[in-house]
Amino acid sequence: MNKAQQHRSEYLYEQHLIHLTLQGKRPATIDAYSRALRRITHQLDKSPDTLTTDDLKRYFTGRIKRHSWKYREN
């Protein structure tokens, strides 16, 4: 991400935290959602508002393959 995209991503992240708090989410839920958002945007190197459905499909398919027992070699 360039500096403008990074700044936009940081702004959206802060808004995400505010909205989760205002929705009354528990701190553990806010932490889990926030970590997931940071992980996705870091791995894909994109601001959350630029992620596409295909980006997310690729990301979650990769996570399943890396972490699912079904896909692990014996």
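Let's start with leucine 17, which is in contact (heavy atoms within 4.5 Å) with Ile30 and Ser34, leaving aside its neighbours within four places in sequence. Before I go on, please keep in mind that this is a predicted model: local features need pLDDT of at least 70, side-chain atom pairs count only at pLDDT 80 or more, and totals for chains, interfaces and linings use all residues. Residues are numbered from 1 along each chain as its sequence is written, and side-chain values use heavy atoms, with hydrogens and water left out.

Back to leucine 17, then. You will find leucine 17 in helix H1; helices here are DSSP runs of H or I, at least four residues, numbered from the N terminus. Between leucine 17 and isoleucine 30 there are 6.9 Å in space, C-alpha to C-alpha, with the two 13 residues apart in sequence. Is leucine 17 buried, exposed or partly exposed? Leucine 17 is partly exposed, at a relative accessible area of 22%. For the cut-offs, buried means under 20% relative accessible area, exposed over 50%, and partly exposed in between, with a 1.4 Å probe and protein chains only.

Now for H1 as a whole. Helix H1 covers residues 3-22, and its 20 residues should span 28 Å at 1.5 Å a residue; the end C-alpha atoms are 29 Å apart, which agrees. The expected span is 1.5 Å times one less than the number of residues. Which residues of H1 are buried? They are Ser9, Tyr13 and Leu20. These residues cover an arc of only 40° around the axis, which puts them on the same side of H1; the arc is taken from the directions from the helix axis to the C-beta atoms. As a reminder, an α-helix has 3.6 residues a turn, so residues three or four places apart point the same way. The other side of H1 has Lys3, Ala4, His7 and Leu22 exposed. The cover over the buried residues of H1 includes H2.

Both ends of H1 deserve a look. At the start of H1, a side-chain oxygen of asparagine 2 comes to within 3.0 Å of the backbone nitrogen of alanine 4. After H1 comes glycine 24, with a positive phi near 80°.

Leaving aside neighbours within four places in sequence, serine 9 is in contact with Met1, Ser47 and Pro48.

That brings us to serine 47, in the loop between H2 and H3. Serine 47 has 3% relative accessibility and therefore counts as buried. Not counting residues up to four places away in sequence, serine 47 touches Met1, Gln5, Arg8, Ser9, Leu12 and Thr41. The side chains of serine 47 and aspartate 49 are joined by a polar contact of 2.6 Å. A polar contact is a pair of N or O atoms within 3.5 Å; within protein, one must be able to donate a hydrogen and the other to accept it, and residues adjacent in sequence count only if both atoms are side-chain atoms.

The loop between H2 and H3 also holds aspartate 45. Aspartate 45 is not a glycine, yet its phi is positive, about 55°. In general, most residues other than glycine have a negative phi. Aspartate 45 is partly exposed, with a relative accessible area of 45%.

On to H3. Helix H3, residues 53-67, has 15 residues and reaches 21 Å from its first C-alpha to its last, close to the 21 Å expected at 1.5 Å a residue. Asp55, Tyr59 and Gly62 are the buried residues of H3. They cover an arc of only 65° around the axis, which puts them on the same side of H3. Turned away from that buried side is a face with the exposed residues Thr53, Lys57 and Lys65. Threonine 53 has a relative accessible area of 55%. What covers the buried residues of H3 includes helix H2 (27-44).

How do H2 and H3 meet? Their axes come within 11 Å and cross at roughly 105°. That makes H2 roughly perpendicular to H3, a term for angles of 65 to 115 degrees. Axes are lines fitted to C-alpha atoms, for helices over the stretch in contact, and angles run from 0 to 180 degrees between N-to-C directions. On the H2 side, the contact is made by Arg39, Ile40, Gln43 and Leu44. H3 brings Asp55, Leu56, Tyr59, Phe60, Arg63 and Arg66 to this contact.

Notes: Helix = DSSP H or I, 4+ residues; strand = E, 2+ residues; numbered from the N terminus. Parallel < 35°, antiparallel > 145°, perpendicular 65-115°, else oblique.
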